[in-house]
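Hi,

Here's the structure I promised to pass on. Have a look, and then read my notes below.

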Amino acid sequence: MTSPRIAPGRTIRELGPVNWVVCRIVAKLGGVEEGHLFTTMGRTGGLFRGWLFYSSKLMPGGRISRKDTETIILRVAHLRECGYELDHHIRLGKRAGVDDELRERIFAGPDAAGLDARQRVFLAAADEMVSTKTISDDSWAALARVFDDKQLVEFVLLVTQYDGLASTIGTLRIERDY
(Lines give C-alpha, C1' and ligand atoms only; values in the text may rest on other atoms or scores of the structure.)
Protein backbone atom coordinates (compact mmCIF):
# COMPACT_ATOMS: atom_id res chain seq x y z
CA MET A 1 0.00 0.00 0.00
CA THR A 2 1.25 3.46 -0.85
CA SER A 3 1.62 5.79 2.10
CA PRO A 4 -0.96 8.53 2.64
CA ARG A 5 0.05 11.88 1.20
CA ILE A 6 -1.37 13.64 4.27
CA ALA A 7 -1.04 11.78 7.53
CA PRO A 8 -4.25 11.50 9.54
CA GLY A 9 -4.42 13.81 12.52
CA ARG A 10 -4.30 11.88 15.76
CA THR A 11 -3.84 14.48 18.44
CA ILE A 12 -5.79 17.46 19.67
CA ARG A 13 -2.90 19.63 18.48
CA GLU A 14 -3.17 18.26 14.92
CA LEU A 15 -6.98 18.36 14.71
CA GLY A 16 -7.98 21.06 17.15
CA PRO A 17 -10.26 20.23 20.07
CA VAL A 18 -13.57 20.38 18.18
CA ASN A 19 -12.41 18.28 15.24
CA TRP A 20 -10.68 15.81 17.58
CA VAL A 21 -13.95 15.22 19.45
CA VAL A 22 -15.95 14.99 16.19
CA CYS A 23 -13.48 12.45 14.78
CA ARG A 24 -13.72 10.31 17.93
CA ILE A 25 -17.52 10.35 17.76
CA VAL A 26 -17.57 9.52 14.04
CA ALA A 27 -15.15 6.62 14.55
CA LYS A 28 -17.23 5.23 17.41
CA LEU A 29 -20.47 5.52 15.39
CA GLY A 30 -18.73 3.92 12.43
CA GLY A 31 -17.42 1.03 14.50
CA VAL A 32 -13.79 1.73 13.65
CA GLU A 33 -10.79 2.65 15.76
CA GLU A 34 -10.00 5.66 13.59
CA GLY A 35 -11.87 6.99 10.59
CA HIS A 36 -8.92 7.88 8.36
CA LEU A 37 -11.02 10.03 6.03
CA PHE A 38 -12.25 12.11 8.94
CA THR A 39 -8.92 12.39 10.74
CA THR A 40 -7.28 13.45 7.48
CA MET A 41 -9.98 15.95 6.59
CA GLY A 42 -10.07 17.06 10.22
CA ARG A 43 -6.65 18.63 9.75
CA THR A 44 -8.31 21.39 7.69
CA GLY A 45 -9.98 23.07 10.68
CA GLY A 46 -13.26 24.79 9.87
CA LEU A 47 -13.31 23.44 6.32
CA PHE A 48 -13.78 19.95 7.81
CA ARG A 49 -16.82 21.07 9.79
CA GLY A 50 -18.30 22.80 6.75
CA TRP A 51 -17.76 19.67 4.67
CA LEU A 52 -19.39 17.53 7.39
CA PHE A 53 -22.39 19.86 7.54
CA TYR A 54 -22.82 19.79 3.77
CA SER A 55 -22.31 16.02 3.59
CA SER A 56 -24.80 15.33 6.36
CA LYS A 57 -27.48 17.27 4.47
CA LEU A 58 -27.08 14.72 1.66
CA MET A 59 -26.57 11.64 3.83
CA PRO A 60 -28.31 10.89 6.14
CA GLY A 61 -30.34 14.11 6.13
CA GLY A 62 -31.48 14.28 2.52
CA ARG A 63 -34.90 14.15 0.86
CA ILE A 64 -34.05 11.01 -1.11
CA SER A 65 -34.84 7.88 0.91
CA ARG A 66 -31.95 6.33 2.84
CA LYS A 67 -32.18 3.11 0.83
CA ASP A 68 -32.09 4.98 -2.48
CA THR A 69 -29.29 7.23 -1.21
CA GLU A 70 -27.17 4.23 -0.26
CA THR A 71 -27.98 2.56 -3.58
CA ILE A 72 -26.70 5.63 -5.43
CA ILE A 73 -23.60 5.96 -3.24
CA LEU A 74 -22.74 2.28 -3.66
CA ARG A 75 -23.04 2.59 -7.44
CA VAL A 76 -20.75 5.63 -7.52
CA ALA A 77 -18.23 3.97 -5.18
CA HIS A 78 -18.29 0.83 -7.33
CA LEU A 79 -17.81 2.79 -10.56
CA ARG A 80 -14.95 4.74 -9.01
CA GLU A 81 -13.47 1.57 -7.46
CA CYS A 82 -13.25 3.36 -4.14
CA GLY A 83 -12.70 0.70 -1.50
CA TYR A 84 -12.94 3.20 1.34
CA GLU A 85 -16.42 4.33 0.31
CA LEU A 86 -17.48 0.74 -0.38
CA ASP A 87 -16.32 -0.46 3.05
CA HIS A 88 -18.43 2.11 4.84
CA HIS A 89 -21.47 2.21 2.58
CA ILE A 90 -21.89 -1.55 2.33
CA ARG A 91 -22.37 -1.47 6.10
CA LEU A 92 -24.52 1.68 6.06
CA GLY A 93 -26.49 0.30 3.14
CA LYS A 94 -27.38 -2.83 5.08
CA ARG A 95 -28.82 -0.66 7.84
CA ALA A 96 -30.90 1.16 5.20
CA GLY A 97 -32.20 -2.03 3.58
CA VAL A 98 -29.62 -2.74 0.88
CA ASP A 99 -29.09 -6.47 1.32
CA ASP A 100 -26.38 -8.56 -0.36
CA GLU A 101 -28.65 -9.45 -3.29
CA LEU A 102 -29.53 -5.83 -4.05
CA ARG A 103 -25.89 -4.79 -3.63
CA GLU A 104 -24.85 -7.33 -6.29
CA ARG A 105 -27.52 -5.91 -8.62
CA ILE A 106 -26.25 -2.39 -7.96
CA PHE A 107 -22.71 -3.49 -8.84
CA ALA A 108 -23.97 -5.27 -11.98
CA GLY A 109 -25.55 -2.03 -13.17
CA PRO A 110 -28.87 -0.56 -14.23
CA ASP A 111 -29.68 -3.44 -16.58
CA ALA A 112 -29.35 -6.09 -13.84
CA ALA A 113 -32.27 -8.47 -13.45
CA GLY A 114 -34.36 -7.82 -10.37
CA LEU A 115 -33.99 -4.04 -10.16
CA ASP A 116 -37.21 -2.06 -10.22
CA ALA A 117 -37.88 0.66 -12.79
CA ARG A 118 -37.03 3.49 -10.36
CA GLN A 119 -33.69 1.94 -9.46
CA ARG A 120 -32.85 1.43 -13.14
CA VAL A 121 -33.49 5.10 -13.83
CA PHE A 122 -31.36 6.56 -11.06
CA LEU A 123 -28.56 4.00 -11.44
CA ALA A 124 -28.38 4.77 -15.18
CA ALA A 125 -28.31 8.50 -14.40
CA ALA A 126 -25.52 7.96 -11.84
CA ASP A 127 -23.54 5.98 -14.41
CA GLU A 128 -24.00 8.75 -16.96
CA MET A 129 -22.94 11.46 -14.52
CA VAL A 130 -19.83 9.62 -13.41
CA SER A 131 -18.76 8.83 -16.98
CA THR A 132 -19.74 12.08 -18.75
CA LYS A 133 -20.05 14.58 -15.85
CA THR A 134 -23.59 15.48 -16.99
CA ILE A 135 -27.01 13.96 -17.68
CA SER A 136 -28.60 13.92 -21.14
CA ASP A 137 -32.05 15.40 -21.67
CA ASP A 138 -33.60 11.94 -22.09
CA SER A 139 -32.03 10.65 -18.88
CA TRP A 140 -33.07 13.82 -17.07
CA ALA A 141 -36.67 13.39 -18.21
CA ALA A 142 -36.67 9.82 -16.90
CA LEU A 143 -35.10 10.93 -13.61
CA ALA A 144 -37.72 13.70 -13.29
CA ARG A 145 -40.40 11.00 -13.30
CA VAL A 146 -38.68 9.40 -10.29
CA PHE A 147 -37.71 12.45 -8.20
CA ASP A 148 -39.27 15.86 -7.53
CA ASP A 149 -37.33 19.08 -8.21
CA LYS A 150 -35.63 19.19 -4.80
CA GLN A 151 -34.66 15.53 -5.07
CA LEU A 152 -33.28 16.11 -8.57
CA VAL A 153 -30.91 18.78 -7.28
CA GLU A 154 -30.03 16.52 -4.35
CA PHE A 155 -29.36 13.60 -6.71
CA VAL A 156 -26.86 15.67 -8.70
CA LEU A 157 -25.16 16.87 -5.52
CA LEU A 158 -25.09 13.35 -4.06
CA VAL A 159 -23.46 11.81 -7.14
CA THR A 160 -20.92 14.60 -7.46
CA GLN A 161 -20.20 14.53 -3.71
CA TYR A 162 -19.29 10.84 -3.75
CA ASP A 163 -17.52 11.05 -7.10
CA GLY A 164 -15.45 13.95 -5.75
CA LEU A 165 -14.92 12.18 -2.45
CA ALA A 166 -13.55 9.15 -4.32
CA SER A 167 -11.11 11.52 -6.06
CA THR A 168 -10.11 13.04 -2.72
CA ILE A 169 -9.60 9.64 -1.11
CA GLY A 170 -7.55 8.38 -4.05
CA THR A 171 -5.46 11.51 -4.49
CA LEU A 172 -4.66 11.83 -0.78
CA ARG A 173 -4.17 8.03 -0.61
CA ILE A 174 -6.36 7.78 2.46
CA GLU A 175 -6.01 4.34 4.02
CA ARG A 176 -9.02 2.09 4.45
CA ASP A 177 -10.28 1.66 8.01
CA TYR A 178 -10.48 -2.14 7.94
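**What turned up**

Arginine 103 is buried, since its relative accessible area is 12% (buried means under 20%, exposed over 50% and partly exposed in between, with a 1.4 Å probe and protein chains only). Before you go on: this is a predicted model, where local features need pLDDT of at least 70 and side-chain atom pairs count only at pLDDT 80 or more, while totals for chains, interfaces and linings use all residues. Residues are numbered from 1 along each chain as its sequence is written, and side-chain values use heavy atoms, with hydrogens and water left out.

Back to arginine 103: it makes a salt bridge with aspartate 100, with the closest N and O atoms 3.0 Å apart (a salt bridge is a side-chain nitrogen of Lys or Arg within 4 Å of a carboxyl oxygen of Asp or Glu). Aspartate 100 also meets lysine 94 in a salt bridge, at 3.8 Å from N to O. Aspartate 100 is partly exposed at 42%, and so is lysine 94 at 48%.

There are eleven salt bridges in the structure. Another one joins glutamate 70 to arginine 66, at 3.1 Å between the closest N and O atoms. Glutamate 70 is buried at 0%, whereas arginine 66 is partly exposed at 29%. Arg80, Lys133 and Asp163 are linked in a salt-bridge network.

See you soon!
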